[in-house]
Amino acid sequence: MLKRFPSLVKDCIPKLTTSLGTAGIPENAALGACTVLRSRTVMRHIMKDWDAFSSFVLAILGSSHQGSLRAQKAINELFLVFNIRYTGLPSIKYRFPGEASGNSDCMNLITQIRSLISDMHSVNWRYNLMAHRMLLLLALPSHNNFDLPSKTREEIACHFLLLLNSHLPPVRVLAAASLVLLLQASPNRKSVSDNMLHSGWSNVIASSSFKGVLNPIIQEEGFINDMLNGLSYDHVFPDANNPNNQALTMSQSIRDKSVNGWLEAFYAPWPRSRNWIDLLKGEAFVPGFAKLFKCLVKECGETVLQSLRSPLEELVVKEEKGKQCLASEVLAGVLHSDVSYVLEAWDNWLGAVLRTGLRTSTVETAAEWAACVRFAVTGKGRDGKTIPLLRQKVMDCLAEPLPSTVPTRMVAKRFDLLCVTLVEVSPSSMSTSEINLQEKLLEEALNCLDHSVAQVFYFLISALRSGRASVLTDVVVGLLYPLISLLETSHKELSTLAKKALALLKWQIIPQPHLSTSVTVLISASNDSGWHTRVATLIFLQSFMYRHKFLLSSSETEAVWNQMQKLLADNQVEVREQAASVLSGLMRGSDDKLVKIFRENSFKEAILLQKRNKTRLPENGLSLAARHGVVLALASSILSVPYDLPSWIPDTITLLAHFIGEPSPIKSTVMKTIAEFRRTHADMWAIQKDSFTEDQLEVLADSSSSLSYFS
């Protein structure tokens, strides 16, 4: 009814909010109010009308008297719908001509919410979160016609800062995210990058509206220690015994998604670069905490750094996973802040703390420390190409040579950290020092390999994984034949590396003129004396032709077709069957002329073979491989059109069935092909069988393991 008569919504909302927020109202009335309020029509009106918005907020925050599970579930669902459909604060309409601002209405709502927060000691902790969520929405800068006084925002920021020491994990997570959003919205923050762009090197940080009120709290004795201790417990670690069943903490449980799940939408995504290496994931690393300390350093400057120094030096040597993770997040945020005090602190103590943390990190927290350095060197700006000021110092720190006496695991850890760092370096914006560092690391990495062929494979795998192998296409094409030939070598390491490289190479698009060379190389490899190499070539050729079919010239495509037809009569049965599989793939969506010629020729050859078999004369006979090739050609034609039934299929598959009496592997090919045809045409067989004559159906029934299927 409300959808048909939207004008009634405005009159209904006061009654609905009263039913929800007033004590003594029956439970069924509250449940009904929740159902109506979360409807699209009503929620749309709430997002546009200030009176309806404020009435809804106060009603949902005042509904704690509804103690039943049904009522609380309905209220949580209503709040979730509100978060999903929230589009910003509604505009405040002026009630009187000449009224200058709607600040009074907004301030009144903030005052009421803060009053409710102060009285929420005995109610469910979820209402505490909902109230702070509403408070944040009102405190953030709005595009509407009112703005809060700076003093009010400062008080709210201080309130969220103090909440970082809350005993409730969800409250701490909400406070951290809220503080980040408030500090990011501050118009007075200015980094060294901005100063350097306009006036060269400068140690000046613009005055902050929050700095004067946040610094006294940060400098309180024990505040930083208590905050770090609390945040260290707000991390999720996968269960080592059952990775699929994570031991979710209270702060990130499914039940809390309706309250804190909306926070992710306000954050810029991180990481923005590729994430295909397991080490890069860092599942317990919380980017929101790193952003919190980044914002605090940018806003409050040296005060935060000095307050963090002693606790951070103690935190990096702790053995607890949570404390190690928090230490990595604090360092990541500080290093990415780009303020002058951090540059000064790097030489004094910050660089030493990072080295200590990386050196003492355990296997369990290696991914989190990798995420730390990755966050620290992540590019800035909308496109992520602006270089952070401390990137080079961090990279130089990681590139420092290790003593020859260190364990191998330390060498591997160093290369892992350098790997995740280089992932964040954009090729188009690399500085000269970064290019020189990469060349140095490449030379060092190659020196660590003890086999010349292994060096080549490791280099090729790295190039393909980097996404920048297009500049090395000539090298890649030149290594194609050696890669395929070493797939089945007795040297296990080389065989494994060759398989990894070839698996990556299947996804690589090869442009002209190297594409013509690739076709020549693959045809040559398919003629190799080793049948394992021939089979491996054909397997690779399937994906190669799929990706390059529309880039090849007609002569190149015809050359591949001719080679596949030649291999149908190969001496090795595995090669013949793989060639038939390649031909079946080529016939799907390929040149109609080539397909038609191949299909007609294979049919004629099969007819001739059938006649020869009837004569049983030795001088008219062919080798088993040649006869098998003729049958495979028929099979590839049939399997090239799964689910469809072209007009030539009945004659072709009937002809194939006549070879059921041939010895293996011809017989097995016939049976497999007919079985596959039966499987792919089962759904439409009641209609498609009308295309067959009675004699053809009888032949198929005689060659099928299920005599009733073709009846």
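**Helices that pack together**

Helix α30 (residues 592-615) and helix α32 (residues 649-657) pack with their axes 11 Å apart, at an angle of about 35°. Axes here are lines fitted to C-alpha atoms, for helices over the stretch in contact, and angles run from 0 to 180 degrees between N-to-C directions. The model is a predicted one, in which local features need pLDDT of at least 70, side-chain atom pairs count only at pLDDT 80 or more, and totals for chains, interfaces and linings use all residues. Residues are numbered from 1 along each chain as its sequence is written, and side-chain values use heavy atoms, with hydrogens and water left out.

**The chain as a whole**

- The protein chain has 35 helices and zero strands, where helices (H or I, at least four residues) and strands (E, at least two) are DSSP runs, numbered from the N terminus.
- Of the 711 residues of the protein chain, 50% count as buried, a term that means under 20% relative accessible area, whereas exposed means over 50% and partly exposed lies in between (1.4 Å probe, protein chains only).
- Among the contacts in the protein chain with a separation of 6 or more, 73% are accounted for by residues 24 or more positions apart; contact means heavy atoms within 4.5 Å.

**Helix pairs in more detail**

- Two packed helices are described by the angle between their axes and the distance between the axes.
- The crossing in which α30 passes α32 is left-handed, which is the term used if the near helix is turned anticlockwise from the far one by less than a right angle, and right-handed is the term if it is turned clockwise.
- In this pair, F603, A606, I607 and Q610 of α30 meet D651, T652 and L655 of α32.
- Helix α29 (residues 573-586) and helix α31 (residues 624-639) have axes that come within 8 Å and cross at roughly 25°, and α29 and α31 are therefore roughly parallel to each other, since angles under 35 degrees count as roughly parallel, over 145 as roughly antiparallel, 65 to 115 as roughly perpendicular and the rest as oblique.
- The crossing of α29 and α31 is right-handed, and the residues that meet there are V573, R576, E577, A580, L583 and S584 in α29 and A625, H628, L632, S636 and L639 in α31.
- The axes of helix α16 (residues 321-335) and helix α18 (residues 366-377) also come within 8 Å, and they cross at roughly 10°, which makes α16 roughly parallel to α18.
- Residues of α16 that meet α18 include Q324, C325, A327 and S328, and among their counterparts in α18 are E368, W369 and C372.

**Aromatic rings and charges over them**

- The model has eleven aromatic pairs, counted by the rule that rings of Phe, Tyr and Trp (its six-membered ring) pair if their centres lie within 6.5 Å, with planes under 30 degrees apart taken as stacked, over 60 as edge-to-face and the rest as tilted.
- One of these is the tilted pair of F82 and Y86, with 5.8 Å from centre to centre and 50° between the planes.
- F82 is buried, with a relative accessible area of 0%, and Y86 is buried as well, with a relative accessible area of 17%.
- F82 and Y86 belong to one aromatic cluster together with W50, F53, F56 and F79.
- R133 lies over the face of Y86, at 5.5 Å from the ring centre, where a charge sits over a ring if NZ of Lys or CZ of Arg is within 6 Å of the ring centre and within 35 degrees of the ring normal.
- R414 lies over the face of F415, at 5.6 Å from the ring centre.

**A buried lysine**

- K291 is found in helix α14 (residues 287-300), and K291 is buried, with a relative accessible area of 11%.
- K291 and E329 are 38 residues apart in sequence, and they lie 8.4 Å apart in space, C-alpha to C-alpha.

**Backbone details in the loops**

- Most residues other than glycine have a negative phi, and most peptide bonds are trans.
- The peptide bond from Q512 to P513 is cis, with omega near 5°, and P513 is placed in the loop between α25 (492-505) and α26 (514-525).
- S664 and P665 are joined by a cis peptide bond, with omega about 10°, and P665 has its place in the loop between α32 and α33 (666-680).
- D338, a residue other than glycine, has a positive phi near 60°; D338 lies in the loop between α16 and α17 (340-360) and is buried, with a relative accessible area of 2%.
- Y643 is not a glycine either, and its phi is positive at about 75°, in the loop between α31 and α32.
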